[in-house]
Amino acid sequence: MNKKIIVSICAAVVMILFAVALVNVYLEDRILENPQGTVGNTTGNLYNGGLFCETDEYVYFANPYDNYALYRMLPDETKLEKIITTPSVSINAAGNHVFYYQSSSGTGTGLGYVINTYGIRRFSKNSKRTVSGIDNALIESFVLADNSLYYQVADMGQHVNYIKEISLDGKNAEQIVLPSDALLACVDHSTMYFTNAIENFHLLAMDLNDKNHTLREILAEDIYMPIVEGNDVYCIDIHNNYALVHYNLSTGQKTVLDAARTDMLNVDDAYIYYQTSGTNPQLKRITKDGSSVEVIADGAYNSINTTSKYVYFMKYGDNSNVYKIPASGTPSVTTFTAAREAASKQK
């Protein structure tokens, strides 16, 4: 065959492969339209730092054994893989992408390293080639809902009466004025819920499809950390010794689930996980109907994050170990050794 023909064929093949590669990068990194009702992580996980986020077949998590670098694994803790080198919290995921808050610059210069110290970042689940910056801001709370990110910029001790809404590609942003600081975590069926922390702690709702961002009060009770699931609200009752309570929004009925002072909570399909304080602090779980309560561990714990297979948590003031219990069955406490072992291989 003529050498010129061979060269031409080779050049054509290279161009085709290059074009295919460009198309693949575009397909991997494009922002897909999410269906209404999409939420980037569970409310309870976001209240507890958003350290774990289960999406599709993987669990993405911030690994405390590796300076909170972002890893992923299967729900059974196999196939652990380091994705991002910098400290990553408030993990949200939807469609093709994972979003997270880079809480500091961390160490190293490898995959996922971004010079800016703080900010919301995005990467493709499929390629993980590049990390895109959404907003290089110091923020207080952040949640993905439908096709936008909602977050509040840190106020450095001053009251900020607005939140930001930005599209998932980071191109369109607006401010939404609120009557109060808002802890952004609770979204259910395209409605965001938060308490009015300035005037009172009543429960407010904002329909995310309402371009006027109209707020309505749906529960005239002083509560904290509301987790809304349809007509059910699991929360902390501020004026009842911070008891763990349940409200039925349809009937208005209030049920005290545990009268002990509660510091934080999380909820999965079957249980409420919560930490009590006082002279005998305990990490507990209770069935959602309040029929059965169990002590998971004595002492003070935080960062309670749920997945389909396990519930993870850490001892208050000590991040040297991550503990876990099965999401179903006997709540036997063990350590998250797979994460420790994966981190040790990075050193």
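**Entry 1: ground rules.** I call a residue buried when its relative accessible area is under 20%, exposed when it is over 50%, and partly exposed in between, using a 1.4 Å probe and protein chains only. By that rule Asp 237 is buried, because its relative accessibility is 4%. I noted that this is a predicted model, where local features need pLDDT of at least 70, side-chain atom pairs count only at pLDDT 80 or more, and totals for chains, interfaces and linings use all residues. Residues are numbered from 1 along each chain as its sequence is written, and side-chain values use heavy atoms, with hydrogens and water left out.

**Entry 2: the strand around Asp 237.** I looked up where Asp 237 sits, and found it in strand E17, residues 232–237. Strands (E, at least two residues) and helices (H or I, at least four) are DSSP runs numbered from the N terminus. I counted a contact when heavy atoms lie within 4.5 Å. Leaving out neighbours within four places in sequence, Asp 237 has contacts with Asp 222, Tyr 242, Ala 243, Val 245, Tyr 247 and Lys 254. How many of the 6 residues of E17 are buried? The number is 5, so E17 is largely enclosed by the rest of the structure.

**Entry 3: the partners of E17.** I treated two strands as paired if DSSP finds at least two bridges between them. A reminder to myself: strands of a sheet pair through backbone hydrogen bonds, either parallel or antiparallel. Strand E16 (residues 223–229) runs antiparallel to E17, joined by 5 bridges. Ile 223 has Asp 237 as its bridge partner in E17. The hairpin of E16 and E17 has 2 residues between the strands, and Gly 230 takes a positive phi near 65 degrees there. Next I checked strand E18 (residues 243–248), which pairs with E17 in the antiparallel sense over 6 bridges. In this pairing Ile 236 stands opposite Leu 244. The E17 and E18 hairpin has 5 residues between its strands, and Asn 241 in the turn shows a positive phi of about 55 degrees.

**Entry 4: salt bridges.** Side chains of opposite charge can pair when their charged atoms come close. My rule for a salt bridge was a side-chain nitrogen of Lys or Arg within 4 Å of a carboxyl oxygen of Asp or Glu. The structure holds 9 of them.

- Lys 254 forms a salt bridge with Asp 237, with the closest N and O atoms 2.4 Å apart. Lys 254 lies in strand E19 (residues 254–258) and Asp 237 in E17, so the pair ties together parts that are 17 residues apart in sequence. At 36% relative accessibility, Lys 254 is partly exposed.
- Lys 82 and Asp 66 meet through their side chains at 2.9 Å, N to O. Lys 82 belongs to strand E4 (residues 81–94) and Asp 66 to the loop between strands E2 (58–63) and E3 (69–73), so this pair ties together parts 16 residues apart in sequence. Lys 82 is partly exposed at 25%, while Asp 66 is buried at 13%.
- Arg 285 and Glu 294 meet at 2.7 Å, N to O. Arg 285 is buried at 1%, and Glu 294 is partly exposed at 25%.

**Entry 5: an open sheet.** I found an open sheet of 4 strands with antiparallel pairing, in the order E20-E21-E22-E23. Thr 276 stands opposite Gln 282 in E22.

**Entry 6: nonpolar cores.** In soluble globular proteins, nonpolar side chains tend to be buried together. I took a nonpolar core as a set of buried Ala, Val, Leu, Ile, Met, Phe, Trp, Tyr and Cys residues joined through side-chain atoms within 4.5 Å. The largest has 52 residues, and those with the most contacts inside it are Tyr 150, Ile 163, Met 192, Leu 265, Ile 272 and Phe 313. A second, separate core of 33 residues includes Tyr 101, Ile 120, Tyr 151 and Tyr 312.
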